[in-house]
Amino acid sequence: MDTLESKLKANEYPGRGIVLGKSEDGKYAIAVYFIMGRSENSRNRVFIEEDGGLRTQAFDPSKLKDPSLIIYWPVRELKEAGKTTTIVTNGDQTDTIYDGLRNGTCFSRSLESRTYEPDAPNYTPRISGIQKFTGSSYSFSLSILKSDPASDSSSKQPATLRYTFDYASPRPGTGRFIHTYMGNGDPLPSFDGEPEPVSLKGDIDGLASSVWESLNEENKISLYVRFTEIESGKVTTKLINKHA
């Protein structure tokens with residue numbers, strides 16, 4: 001099984017990425033989220049931790065052009081009786097999932113009202129994940145909403161392909177990696193296939209450092225790593241912004 005770092009080094013432009021998994025010692029649930037960008041508007045961002053979650057913010061507000069697809073909450077946490085759910089996404093569908101779960105709708109159905117991003121010709125996929133904690137039990141799910149390349153060419157927009165992947169018994173030291181693009185290009189090629197299995201090594205500082213160093217230097221923007229102790233629910237985070 002490839003390491004997460006080797007996957008990142010082999011891809012100049014994975015875009016935005018989510019990794020969910022479990023630490024080598026089995027004690028921690030791991031969530032990794034990173035963003036990359038090619039345009040000035042996309043690169044003009046930083047991560048800010050707030051209210052137990054994570055939001056994006058313009059590094060230089062005077063240069064912000066279109067906030068619609070770059071300013072959002074990538075991470076939110078929902079606490080209910082006896083269970084906690086951590087939501088990680090690459091867009092404002094974080095709020096859609098949060099509201100759906102709070103109202104008793106499951107993860108996949110909460111996303112039925114959403115499609116890929118309206119940024120033709122790329123039609124960037126919406127990638128989302130949830131980590132579910134109930135007592136000492138931990139599981140996670142990943143989703144992708146992407147454009148259908150086989151759609152009728154006469155239609156104004158491609159149809160939406162919807163995939164959800166559930167992982168009930170994560171193995172220690174492993175994770176699943178889903179990202180928006182298969183590589184650089186024009187238009188950008190959407191992620192294809194199932195979330196990629198990857199090995200996860202090291203503590204939070206070591207993992208964050210090695211992942212950050214593995215991202216393409218020109219295109220990387222921000223990285224967030226979250227370790228949740230499965231037994232206690234204690235959360236430790238590590239955040240790195242290129243624009244410090």
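1. Contact here means heavy atoms within 4.5 Å. Leaving aside neighbours within four places in sequence, Leu101 is in contact with Leu78, Glu80, Thr85, Ile87, Cys106, Phe107 and Ser110. The model is predicted: local features need pLDDT of at least 70, side-chain atom pairs count only at pLDDT 80 or more, and totals for chains, interfaces and linings use all residues. Residues are numbered from 1 along each chain as its sequence is written, and side-chain values use heavy atoms, with hydrogens and water left out.

2. Leu101 is found in helix H3 (residues 93-102); helices (H or I, at least four residues) and strands (E, at least two) are DSSP runs, numbered from the N terminus. Is Leu101 buried or exposed? Leu101 is buried because its relative accessible area is 14%, where buried means under 20%, exposed over 50% and partly exposed in between (1.4 Å probe, protein chains only).

3. Thr85, another contact of Leu101, lies in strand S6. Thr85 has 7% relative accessibility and therefore counts as buried. Beyond its neighbours within four places in sequence, Thr85 is in contact with Arg76, Glu77, Leu78, Leu101, Ile130, Gln131 and Lys132.

4. The second largest pocket holds about 250 Å³ of space. Of the 17 residues that line this pocket, the closest to its centre are Leu101, Cys106, Phe107, Ile130 and Lys132. Two or more lining residues come from each of strand S6 (83-89), helix H4 (107-110), strand S7 (126-134) and strand S9 (160-167), and S7 gives the most, with four residues. On a 1 Å grid over the protein atoms alone, a pocket is an open set of points with protein on both sides within 12 Å along at least five of seven lines, a cavity is a set where a 1.4 Å probe fits but cannot get out, and lining residues have an atom within 4 Å of a point. Grid points are joined across faces, edges and corners, and a volume is the space filled by probe spheres set on the points.

5. By class, the lining of the second largest pocket has five nonpolar, eight polar and four charged residues. Ala, Val, Leu, Ile, Met, Phe, Trp, Tyr, Cys and Pro count as nonpolar, Asp, Glu, Lys and Arg as charged, and the others, Gly among them, as polar.

6. The largest pocket holds about 400 Å³. Of its 20 lining residues, Arg16, Ser39, Ser42, Asp119 and Tyr181 are the closest to its centre. The lining divides into six nonpolar, eight polar and six charged residues.

7. How many cavities of 30 Å³ or more are there? The count comes to one, and about 30 Å³ of space lies in the largest cavity. Its lining consists of Ser68, Leu69, Ile71, Tyr72, Asn90, Gly91, Asp92, Glu117 and Arg126, with three nonpolar, three polar and three charged residues.

8. Elsewhere, six strands form an open sheet with antiparallel pairing, in the order S11-S10-S1-S2-S12-S13; two strands pair if DSSP finds at least two bridges between them. The edge strands, S11 (196-199) and S13 (235-241), each pair on one side only. Strand S1 (residues 17-22) and strand S10 (residues 174-179) pair over five bridges, and the bridge partner of Ile18 in S10 is Ile178.
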